[in-house]
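Dear colleague,

Please find below the structure I promised to pass on to you.

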Amino acid sequence: MPYRAPVSDYEFLFRHVVGFDQVAASERFADADADVVSAILTEAGKMCEEVMAPLQRPGDLEPARLENGMLRTSPGYADGWKAIAEGGWIGISADPEHGGMGLPMTVTTAVNEMMSASCLSLQLAPLMSQGQIEALEHHASDALKELYLPKLISGEWAGTMNLTEPQAGSDVGALSSKAEPNGDGTYAVTGQKIFISWGDNDFCGNVCHLVLARLPDGVPGTKGISLFLVPKFIPDEDGNPGVANDLKVVSLEHKMGLHGSPTCVMQYDGAKGWLVGAEHGGMAAMFTMMNNARLGVGGQGVGSAEGAYQHALAYALERKQGKTPSGTIIDHADVRRMLMEMKADVFAARAILLANAVAIDMGTATGDPEWAARAALLTPIAKAFGTETGIRVADTGVQVHGGMGFIEETGAAQYYRDARVTAIYEGTNGIQAMDLVGRKMTDGGEAAARLLDEIETHAESARARLPELAEPVWQATETLRETTEWLVAQGDMTDRFAGALPYLRAFARVLGGHYHLAAALADPEGPRARLARFYINALLPEHAGQLAQAQNGAGDLFALSADELAA
């Protein structure tokens, strides 16, 4: 089924829901006016529809492969990468000094989501480069920036992140990779990394790896970790790829989905690398990459949901089954329920994602710590809810297809298989929830309270026009506030963590209600108000059960011993 880029939805959200006008009004992003943004989204959407979407199935059916140590990518992926690179879509938000467009992260987020919807396996490649670009912009020396950034931004070279090891997944501090000084300002990096997305390709002149490793004097744990830039080919005096570095792809992971994206086991044997940031300061640089990636992965979830929804809708409009007014299954009540849930949740997740990006842009434009706190608060919600929405909507898409959804030829199952990992990588969704109720509430819940104040104020102002929608949103927000205060008051972090994920889901549900209400106010007699009514009446009430679970504490979770769980 052809993919249709939802450009009009982004434009509506920018204008009426997520406050992008504040970003465009800032001095930093004054060039990002409505006409410019519309033109960019339209061109990106066209590239996604015409170039990337046709690669969705071929990448799944003909995966990347390793032949005699050489990585061979799926058919058409080289041309797809070329279109992404030549369009400037890798460096949308990168510094113009090195060839980037310097546009707001909100625009990048929308473009990345469209690319995810059209071909998630390929979209992973520019996402990895974007994370590396941001890390280098913030932490690398001027010499590294001058050499690597223009080539990464142009797509001539590609970037990766090397964090995970067999014994060190979420516990990054347990890594064993080491780096020895060479005495000339470079380092010999040795170790093995797993789950490296796009660890190699056959369409770029160089692949640049950011690798976490420990210096000889690095203390155990995360405080002793440093970050190194380790290229596949060592640049010569002119900055061109020179001799091969001492690294290789050992194997490719055999995955549930994302078959077109080569996920590599990487081996480094004294490979030459350059320090990025301070010695033992690798975690700071890593979190720059990770926060960029978490927003991007949330967008991958929303994009997967959009693609799955469009796929399911097309099938429902064509499939004849039973007696209905149209003769197709779209008029069956349960099919309509599924499609409405899919569409309503895609809107909610997309709005949360873009609101997160707006907060990042406003923090960049103003330096205001409250905007930075808002962005930090929304990041785990955007990542977790975005990816859960992708998985849930893709799963529902299979159900809409009925038995044909279980048949690979329809392509419905691919959206689910591809999206499933998004809840796992770049910090599992459980870790995101723990971050939300832990690190993000070390301020005593002040950032959360400011956001809840805004939602309640907005709902109060909407009571005069849409009381039947405004009142449930206000009430849900007040219940969320009470649970937030309860969580902050818990001294035992295990009790907080026990209810962290249902709390995050409830927070997302309330945010979704808030953004749907804003959409309804902008389109009170139109389809957006009718969709908002469905969300607020049918989906928002889920928050009550989730918040009850959030306050249940850890006692019941540990009521059975390990032996009793196994009995």
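This is a predicted model: local features need pLDDT of at least 70, side-chain atom pairs count only at pLDDT 80 or more; totals for chains, interfaces and linings use all residues.

Salt bridges

The structure holds 29 salt bridges. One of them pairs Asp9 with Arg350, with a distance of 3.6 Å from N to O. This pair links distant parts of the chain, since Asp9 belongs to helix α1 (residues 7-16) and Arg350 to helix α10 (residues 333-366), 341 residues apart. Asp9 and Arg350 are both buried.

Arg350 also forms a salt bridge with Glu113, and here the closest N and O atoms are 2.7 Å apart. Because Arg350 lies in helix α10 and Glu113 in helix α6 (residues 105-118), this pair ties together parts that are 237 residues apart in sequence. Like Arg350, Glu113 is buried.

A further salt bridge joins the side chains of Glu471 and Arg463, at 2.9 Å from N to O. Glu471 is partly exposed, with a relative accessible area of 29%; Arg463 is also partly exposed, with a relative accessible area of 29%. As for connected pairs, salt bridges that share partners join Asp9, Glu113, Glu306, Arg350 and Arg528 into one network.

Is Gln130 buried or exposed? Gln130 has a relative accessible area of 7%, and therefore counts as buried, the limit being under 20%. Gln130 is placed in helix α7 (residues 120-139). The side chain of Gln130 makes a polar contact of 2.9 Å with the side chain of Asn112.

Surface patches

Two patches on the surface may interest you, one of negative charge and one nonpolar.

The patch of negative charge gathers Asp95, Glu97, Asp142 and Glu146. Within this group, Asp142 is found in helix α8 (residues 142-154). The relative accessibility of Asp142 is 55%, so Asp142 counts as exposed.

The nonpolar patch is formed by Ile431, Met434, Met493 and Phe497, which together have about 290 Å² of accessible area. Which helices supply at least two residues each to the nonpolar patch? They are α13 (429-437) and α16 (493-498). Met434 is found in helix α13 and is partly exposed, with a relative accessible area of 36%.

With kind regards

Technical notes
Residues are numbered from 1 along each chain as its sequence is written. Side-chain values use heavy atoms; hydrogens and water are left out. Patches are made of residues with over 30% relative accessible area and no salt bridge: like charges are joined within 9 Å, nonpolar side chains (Val, Leu, Ile, Met, Phe, Trp, Tyr) within 5 Å. Accessible areas come from the Shrake-Rupley method with a 1.4 Å probe; for residues, only the protein chains shown count as cover. A salt bridge is a side-chain nitrogen of Lys or Arg within 4 Å of a carboxyl oxygen of Asp or Glu. Lys and Arg count as positive and Asp and Glu as negative; His and the chain ends are not counted. The place of a charge is taken as NZ of Lys, CZ of Arg, CG of Asp or CD of Glu. Helices (H or I, at least four residues) and strands (E, at least two) are DSSP runs, numbered from the N terminus. Buried means under 20% relative accessible area, exposed over 50%, partly exposed in between (1.4 Å probe, protein chains only). A polar contact is a pair of N or O atoms within 3.5 Å; within protein, one must be able to donate a hydrogen and the other to accept it, and residues adjacent in sequence count only if both atoms are side-chain atoms.
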